[in-house]
Each structure stands twice: as structure tokens, then as C-alpha cells.
Amino acid sequence: MTQFLQLASDGFALGCVYALVALGFAVVYRASQVINFAQGAMLLVGAYLVSLFAAYAGLPFWLAVILAVAILAASGVLFQMLVLRRTLGQPLFTIVMITIGLSIAVTAGVDAVFGPNQRLLGDPWGASRFHVGRVVFTWVEVWGVISAFVLLAAFFVFDRYSRYGLAMRAAAADPEAALAVGVPVRRVHALAWGIAGAVATIGGVFLAGFPNSPNPQLGDAALLAFPAIILGGLGSPVGAVVGGIIIGIVQVLTSGYEPGWTGNNFYEVAPYIVMIAVLLAKPYGLFGTRPAERL
Amino acid sequence: MSLLRVQDLALRFGEVTAFEDVSFEVGEGELLAVIGPNGAGKTSLFNALSRVYRPTAGIMWLGDHDLRSLRASQLAGIGVARTFQNLGLFAHLSVLENVLIGRHHLMRAGTLRAGLWWGFAAREERLHRGKAMEALELVGISQLAARPVQTLPYGLQKRVELARALTMEPRLLLLDEPVAGLGAGERSEMTDLVRQVHARGLTILLVEHDMGMVMQVAQRVLVLDYGRVIACGSPAEVQGDEQVVRAYLGQELAGPRAAG
């Protein structure tokens, strides 16, 4: 029982971080129907910047995080303004390919600048932990969950009450009509990319926390947010959160209870199996919108 | 004083001229209809006015705003609203959301304000929701507000679009074939709606194929043929114009096609 609770709580904590990463995907998809394959690369850069500022430049951790978030948000906006705005009206496929290219270039760049070794994150929590009963919680986990919830709540308020929430969905559905009703489509897209950069950084910080550390493979870990958004329903922030948490729990539980006959590292496959199973029952994901058929 | 002034406007795509030397004015509170045979340049003119295309030459002013210097998304802010010939609705949104988005340019709560002071944002959101409902009531479909817009029949979707344009609180309403694709009953209802909206003092520029409708609602009619203005005057004058009759030869011109 203790083992189950331990795994479930670890899984939940990991899932909350996945939810943040998945939210980054969901925001860009919601605003432009583009699946941003560079989300993992943004996360990687975010984690490395925090590491650079906090562990190597000696800035306080909170300041390092704020700086990294600001830089990534600005880079997201700039990328949209300098590169993607030229692609408005191009097939979505073109834009998706650009994000894949960006991802490859950025990941290679991080490798070239910082080398392949693990680095220090520079966070104040390290491996510190506490017990509730016999279940162990690390402080990184706890702060990860808190940050995820604060950011997700902030996003939902933004989505529901700011004028850009509705504008994003309109811009994705029909850019030309959105322009005609006064929605500055490019600015809305830039905003989505800025938000994606900011949440990627926070996700990166907690993915790189104990027992992990900033390393070039972090971006791949972010790919696990991918089954999360698919099973949650593309473009649905609620789906991103629920999907992220499900994937985190599934992954940690399978790694804890891995039966011998599945071979090693079955936990890396399990999330995708869950995703496929969900899609068989609900082809648009748990919270996805099914396009209405016209007869 | 005219609200909309267009002078020597031209639009060319390479060697192809969509229209040229188009000049006209629309007075405050007037309803001007633009008609012409297929391919006469009506929709191109409409798209130039709504800044989907950039005119090649000429000037166009709305009050003291130079329309050429504005981007499409800025037109809403100076009071231009438009509808689309083939609908420009947002498929996954509800009817109410489709109308509410028309108030984007009137809303103030941006990212920061919604994040830090969401009491303000929530109050503002309620206010605009109310305005959007009023527009839906005006076009007679407020009971459908919560429905996904794509589940509505075409005729009602056209009304959603009209409601959205109205809720933008425009000074100039551009209507692109509002009765195209509608059945006879829907046509006369939409015609009544346009007349009602006009009666409230709104200035309207209407592009329409349906002569019956045009003759019922328009105060002045501008006739395009092969991208040029061939006549401009009251419905009666235009109907009697020899050049217009020739342009429309073989087409039903005089009799109202829409029932009623």
C-alpha cells in the first residue's frame, strides 16, 4: 500500500509538470491549429537558462526563473513575429515542419554550447524531502504541483475573462473572419507563443529538478506531453491538464510495477498504449470537440 | 457630409483589372447598393473596402480615416463591420460566442488586467455578453445563443453573422450578398431585417445579386459592369437606364424575385 501511495503521489507530481508542458502545446494549437514540435526545445532552453543564471552566474533562484521565463516568452513572441507571421495563409503542414526544424536546431545548439553533460539546476530545494506517514515527498515535487496549479488557474482566468481567450479560438477557426471582426490575428498568435514559452520554462525547471538535472535529453521528456494532449483532446486546456496527470500517474505506476516479461523501460511505452486505448473509445480525446457533421 | 468617400479606386492583379475608376460616396444614414452581373467586380470592390485587398490606386476615406493606411483588423476600431458572402463564422464556437467576439475591439481587459484584476475583467465580460444577447434578440435568435453555431441551418447562420456585425457598433455596415443562398421566406425575412437595421440610422453598403431585394431596400444603386461604374442613381433611374438594361440583357431586372 505504501508503495502504491508513493508511486501515485510521485506520478501525480510528474503529471502536473506534464500538464504544464501540455498546456504550452494546447495554447498554440488553440490559437493557430499548429502542433508546436518545438515545445520540448523551448523547455530545454528554459531549464538551461535557469541553470546558467542560478547555478553559474550566482543569481537568486527566483530571479533566475523570472529572467528565464521573460526571455523564453520574448523568444516565443519574436519567433512568431519574425518567422511564422510570414506563413499566415500557408498550409499548416509548412508551419509544423518549421517547428520541427526549430526543435532540431535549438536542441543541437544547446548541446553545442553547454556540452552533453548534466548540469546543476541551482534550485534551493535539491533533494530535501519530508515524510507523511511512510510516503516521501520531495520539495521539488511539492513546488512543482503548486506552480502548476497556480499557472493553470491563471490560464483559465485568462482564457475565460480576458478578451484574448475568445480571440484565440476565433483566430484559429477562421483567420480572415477574425481580422474582419477586429481581432489582431498576428498579435493573438504572438501572445500564444509567448505563453507557450513561459509555461515551457516553468515545466523545464521542474522536469530538471531532483532526481533529474538539466541535460540535453530533457526535450525528449517533454514529448510525453504529446500523448497527454492527444488523449486529453487537442486544443483543450482542461484536456491538457487531465491528460498530463493521467500520463504522469500511468508512467510512474508502470515503472514501479513493471512485470518482468515486458522487458526494460516498459514505462516509456505505457503512456502511448493508454493514449491509443482512449482514442479507440473517444477519437477526439477526452475533452476534444468533435466537428459537427452536416448532412 | 458623406461618411464614405471613394475616388478613382482601382484594383489590379497583374494584368487583370478587377475594377477601375470607381468613385462614389455614401452619405450618413444612407443605404447604397452595388449591383452588377457576375464578374463585374462587386466582391473585389467589397474586399478592397474591407482591406482584404490593397487597392492599386485611388483613395477611400471613412470620415477622417484613410482606409488605405489601416490594416483589416483595425477597421473594426474605426467603425467598419462586414459580413461574408459565404459566412465567416467560427465553427466550434457557440452562437453567443460568435457574436461576442465582435466586441473584441470594445473590450479593455487584456492579459495583465485579466490576470491581476479579474473582477474588472469578469464585470466587463458580463456587460459585453449582455450586448451580444441584445444583438441576437434583434435578429430574432436569442433562444439559440448556447447552440454550437455550425448546427444551425444556413439561413440562421446568416443572421448570426448580421448580429455579430451589429454588435460591433459600426458606423458603416458592409453587407456581402446577405440573401444569397436563402429560400424565399428567409429572403424576405432578411430583407426586412436589413430594412429595420437601416431604419435605426445605420449607414449600409450592400453588395447583392438579388435585384428584388435591392430595389426594396436601396436608396441609391451603383451599377458595375466589367469593373467600371456604368450607372448610379435611385432604383427607378437605374432600372430605366439603357446601359444597365444592356448589361443585364437576358436577366430579370425589373420584377422583384423575392416574394413580398
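Reader: Where is the place of Ser9(A)?
Author: Ser9(A) lies in helix H1 of chain A; helices are DSSP runs of H or I with at least four residues, numbered from the N terminus. This is a predicted model, in which local features need pLDDT of at least 70 and side-chain atom pairs count only at pLDDT 80 or more, while totals for chains, interfaces and linings use all residues. Residues are numbered from 1 along each chain as its sequence is written, and side-chain values use heavy atoms, leaving out hydrogens and water.

Reader: Is Ser9(A) buried or exposed?
Author: Ser9(A) is buried, at a relative accessible area of 17%; buried means under 20% (1.4 Å probe, protein chains only).

Reader: What does the side chain of Ser9(A) reach?
Author: The side chain of Ser9(A) reaches the backbone oxygen of Gln6(A) at 3.0 Å. Leaving aside neighbours within four places in sequence, Ser9(A) is also in contact (heavy atoms within 4.5 Å) with Val135(A) and Phe137(A).

Reader: Turning to helix packing, at what angle do H1 and H6 of chain A pack?
Author: Helix H1 (residues 2-32) of chain A and helix H6 (residues 163-173) of chain A pack at about 60°, with their axes 5 Å apart.

Reader: Which residues of H1(A) and H6(A) meet?
Author: Val27(A), Tyr29(A), Arg30(A), Ala31(A) and Ser32(A) in H1(A) meet Met168(A), Arg169(A), Ala171(A) and Ala172(A) in H6(A). By class, this contact has six nonpolar, one polar and two charged residues.

Reader: What ipTM does the predictor give the complex?
Author: The predictor gives the complex an ipTM of 0.83, with a pTM of 0.84.

Notes. Chains lettered and ligands numbered in written order. Axes fitted to C-alpha atoms, helices over the stretch in contact; angles between N-to-C directions. Helix = DSSP H or I, 4+ residues; strand = E, 2+ residues; numbered from the N terminus. Nonpolar A, V, L, I, M, F, W, Y, C, P; charged D, E, K, R; others polar. Buried < 20%, exposed > 50% of the residue type's maximum accessible area, 1.4 Å probe, protein only. Polar contact = N/O pair within 3.5 Å; in protein donor to acceptor, adjacent residues only side chain to side chain.
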